Amino acid sequence: MTAAAEIGDMAALRREIDAIDAELVRLMARRSSMIERAIELKPGEGLPARIETRVQDVLDKVAARAHAEGLDTGLAERLWREMMEHFIAREEEVLGKGDAT
């Protein structure tokens, strides 16, 4: 992984950004596959699609990680909220709506 300060021109910088984007997409696809597995497991454990305590737990962990990495915590929280809402909606399509704490 190349440090940003070591990149000397825009072409190289763009290549690095493109590589990071590809990795982010790969990780998002992996996370999505985990949600599909959650959809299979939750009914057997009596769990609903939305579990507010889990949502907050994820957000807390993300904010802490973002802070440690020097990433704007507000940005991280907005991105994760959007992502989680998308995945919860997917779960609700299959499992129906329901709430747990």
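**Pocket lining and salt bridges**

Mentor: The lining of the second largest pocket holds 10 nonpolar, no polar and 5 charged residues. The model is predicted: local features need pLDDT of at least 70 and side-chain atom pairs pLDDT 80 or more, while totals for chains, interfaces and linings use all residues. Residues are numbered from 1 along each chain as its sequence is written, and side-chain values use heavy atoms, without hydrogens and water.

Trainee: What makes a residue charged or nonpolar here?

Mentor: Asp, Glu, Lys and Arg count as charged; Ala, Val, Leu, Ile, Met, Phe, Trp, Tyr, Cys and Pro as nonpolar; the others, Gly among them, as polar.

Trainee: Why is the contact of Arg37 and Glu40 called a salt bridge?

Mentor: The term needs a side-chain nitrogen of Lys or Arg within 4 Å of a carboxyl oxygen of Asp or Glu. Arg37 and Glu40 have N to O at 2.7 Å, so the pair qualifies. They are 3 residues apart in helix 1, about one helical turn; a helix is a DSSP run of H or I, at least four residues, numbered from the N terminus.

Trainee: How do you know which of Arg37 and Glu40 is exposed or partly exposed?

Mentor: Buried is under 20% relative accessible area, exposed over 50%, partly exposed in between (1.4 Å probe, protein chains only). Arg37 has 43%, so Arg37 is partly exposed. Glu40 has 53%, so Glu40 is exposed.

Trainee: What makes Lys61 and Asp57 a salt bridge?

Mentor: Their N to O distance is 3.0 Å. Asp57, at 29% relative accessibility, is partly exposed.

Key
Helices (H or I, at least four residues) and strands (E, at least two) are DSSP runs, numbered from the N terminus.
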